[in-house]
Structures are given as structure tokens and as C-alpha cells.
Amino acid sequence: MSKEPDRLFAQPLAQVPDFAFNEDVVRVFPDMIKRSVPGYPTIVENLGVLAAQFAQPNSVLYDLGASLGAVTQALRRHVRSDGCRVIAVDNSAAMVERCREYLNGQDSMFQELLPVQVIEGDILALDFQPASVVAMNFTLQFIAPEQRQALLTRIRQALLPGGALILSEKLRFNDAQEHELLTDLHVAFKRANGYSELEIAQKRSAIENVMKPDSLEEHRERLLAAGFSKVVPWFQCLNFASLIALP
Ligand SMILES: C[S@@+](CC[C@H](N)C(=O)[O-])C[C@H]1O[C@@H](n2cnc3c(N)ncnc32)[C@H](O)[C@@H]1O
Ligand SMILES: O=C(O)C(=O)C[C@]1(C(=O)O)C=C[C@@H](O)C=C1
């Protein structure tokens with residue numbers, strides 16, 4: 001994985017453009033996401049552990065919004081069920097290109113890994129195959145809010161009995177005090193990871209139009225409306241959480 005440090009927002013920008021998963025972001029992405037998302041390494045590794053509990057033999061495991069394939073790699077480290085394969089999907093050409101390189105690297109280092117197909121495409125237009133595991137690690141928050149319900153309904157319809165959707169998201173909070181406290185603590189986390197006040201402020205403006213977090217209550221209600229029977233939060237660190245949704 002690239003070790004290039006994220007300095008994308010370090011210099012003052014006359015106008016901060018909307019955040020996009022382009023070449024510049026791809027170059028620094030491993031550093032950016034680790035320094036921006038509290039608990040990210042724990043979530044990714046344990047997503048593999050969780051997935052191994054839900055994976056059904058001879059089924060598909062999806063990694064939706066795969067970026068550089070960190071989740072796909074964790075699935076391949078942990079899932080041992082016979083005949084499983086991973087489908088990783090992302091609509092950023094730059095991400096997909098680098099993701100394929102990293103997965104080739106994993107293939108050259110380890111034997112008997114699950115086969116993986118990396119698709120450059122929009123998850124909103126995906127024709128889902130029956131799947132036992134669907135992982136969406138910090139991807140739903142980038143989907144237009146009015147499209148989220150239909151997408152989750154299609155994922156629910158594709159899920160096999162005994163499978164699960166694992167959904168990680170940045171959260172907002174309906175209680176103003178809770179929202180302010182956890183937002184301030186997230187800023188402290190970024191500061192502790194070496195981001196300056198300018199970097200934090202410019203990144204905030206870059207993502208505010210493109211990334212719209214929901215509350216835990218909104219996630220739960222929408223997942224139940226999509227036909228999931230049970231929603232179980234398994235991880236929260238500050239304003240970032242991960243949920244298991246059972247069919
Ligand atoms: C925050 S990143 C995901 C991080 C990644 N899952 C991980 O754990 O390292 C969000 C990703 O979702 C992708 N994305 C956003 N909207 C998408 C869409 N409609 N279809 C496919 N991918 C999408 C972006 O290109 C980006 O790579
Ligand atoms: O909320 C923030 O400040 C973030 O930087 C979060 C976040 C994310 O949750 O995906 C946003 C964009 C980048 O992909 C990395 C992290």
C-alpha cells in the first residue's frame with residue numbers, strides 16, 4: 001500500500017472544490033482514511049472476521065465502494081467457506097486501477113485466496129447476484145440520500161438466508177449536545193493524527209456537499225423498511241459506527 005502522506009488540504013485553497021475520489025486522493029488514500037476515521041483498521045480487520053461467520057459455501061461476497069480493496073483483502077484473509085468469491089465494485093476509475101494492483105500483490109504473496117473480480121461501475125446500477133455477505137464500508141454516505149432506500153432494498157433482496165449486510169458509516173446525532181461533543185472529539189482525533197486546523201477546515205468544506213451522514217435511528221428505520229429483520233451495531237468509535245443487518 002502507498003505510504004504517501006495526505007497533504008491534500010495543507011495549503012490554503014482560494015476555493016475548496018467538492019471532494020472526489022480522483023488520482024490525487026487515490027495516492028494518499030490509505031493514510032487519509034486511517035488518520036480520518038477513528039477505528040478504521042479495527043473495523044476493516046473485524047469485517048473479515050464477521051464475514052467469515054455469515055459467508056455461505058459457494059456464494060458471492062460483495063465489497064461495495066471498495067476503494068483500494070482493504071475490505072476485500074480482509075475478506076480474503078478470513079473467509080474459509082468453500083467456493084466463495086468476492087466482487088469488489090467502485091465507480092472511481094483511479095481507485096479501481098490501483099485496487100487491482102494491490103489485489104494482484106496479495107495474490108502473489110498468498111496461496112488459495114478467494115477469487116476476486118473488481119468491477120468499475122455504479123453500485124446503483126449493479127445487477128446483484130445472490131450473496132451471503134455485502135460489505136459497505138463508508139460508502140452509503142456518498143450515495144444521494146434519496147437513492148439509499150432503493151439500494152438497501154435491492155441488497156436485502158439479494159441476500160441469502162444466514163447472510164448479512166455489514167454497513168459502516170459516519171454518524172450524525174439528533175441530540176445537538178451529543179452531535180457537538182462527538183464532532184469536537186473527531187476534530188481532536190484528526191489533530192492528534194497531525195492534521196492542521198486549515199487541513200481540517202478545508203476537508204470539512206470539501207466533503208460537506210458530497211457526503212451526507214445519517215443518524216443511527218435513520219439507518220435502523222431504513223434497513224427495517226428495506227426488509228432486514230434485525231440491526232445490530234457492533235462497533236462505534238466517536239461518530240463512526242458499523243452495523244450488522246440480518247435478512
Ligand atoms: C470512503 S470510500 C470507501 C472506503 C473503502 N470501503 C475502505 O474500507 O477502504 C468510498 C468509496 O465509494 C466509492 N463510491 C461512491 N459512490 C459510488 C457508487 N455510486 N458506485 C460505486 N462506488 C461508489 C468511491 O469511489 C470511494 O472509493
Ligand atoms: O469525516 C471526515 O472528516 C472524513 O474525512 C471521513 C471520510 C469518510 O468517512 O469516508 C471522508 C472521506 C475520505 O474518504 C476519508 C474519510
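Guide: Gladly. This is a predicted model. Let us start with A66, found in the loop between β1 (60-64) and α3.

Visitor: Why is A66 called buried?

Guide: A residue is buried if 20 or more other C-beta atoms lie within 10 Å of its own. A66 has 29 C-beta neighbours inside 10 Å, so A66 counts as buried. Leaving out residues up to four places away in sequence, A66 touches V71, T72, A88, V89, D90 and C99.

Visitor: What makes I123 buried?

Guide: The cut-off is 20 or more other C-beta atoms within 10 Å. I123 has 24, so I123 is buried. I123 sits in the loop between β3 (116-120) and β4 (131-137). Beyond its neighbours within four places in sequence, I123 is in contact with L64, G65, V89 and L151.

Visitor: Which residues does UniProt annotate as "binding site"?

Guide: The unreviewed entry lists Y40, G65, A66, S67, D90, N91, D122, I123, N137 and R204.

Visitor: How do you know that they do not all gather at one spot?

Guide: The farthest two C-alpha atoms are 25.1 Å apart, and the residues span 165 residues in sequence, so they do not all gather at one spot.

Visitor: Which residues come nearest to ligand 1?

Guide: F21, G65, N91, S92 and N137, out of 21 residues around ligand 1. By class, that shell has 13 nonpolar, six polar and two charged residues. α3 (70-78) and β2 (85-90) each supply at least two residues of the shell.

Visitor: Where does UniProt place the "domain: Methyltransferase" feature?

Guide: The unreviewed entry puts that feature at residues 63-163. Over residues 63-163 the chain is 40% helix and 25% strand.

Terms used:
Residues are numbered from 1 along each chain as its sequence is written. Chains are lettered from A and ligands numbered from 1 in the order in which they are written. This is a predicted model: local features need pLDDT of at least 70, side-chain atom pairs count only at pLDDT 80 or more; totals for chains, interfaces and linings use all residues. A residue is near a molecule or strand if its C-beta atom, placed from the backbone, lies within 6 Å of it. Helices (H or I, at least four residues) and strands (E, at least two) are DSSP runs, numbered from the N terminus. Ala, Val, Leu, Ile, Met, Phe, Trp, Tyr, Cys and Pro count as nonpolar, Asp, Glu, Lys and Arg as charged, and the others, Gly among them, as polar. UniProt positions are given in the numbering used here, feature names are shortened, and annotations may be inferred rather than shown by experiment. A residue is buried if 20 or more other C-beta atoms lie within 10 Å of its own, exposed if 12 or fewer, and partly exposed in between; C-beta atoms are placed from the backbone. Two residues are in contact if their C-beta atoms, placed from the backbone, lie within 7 Å.
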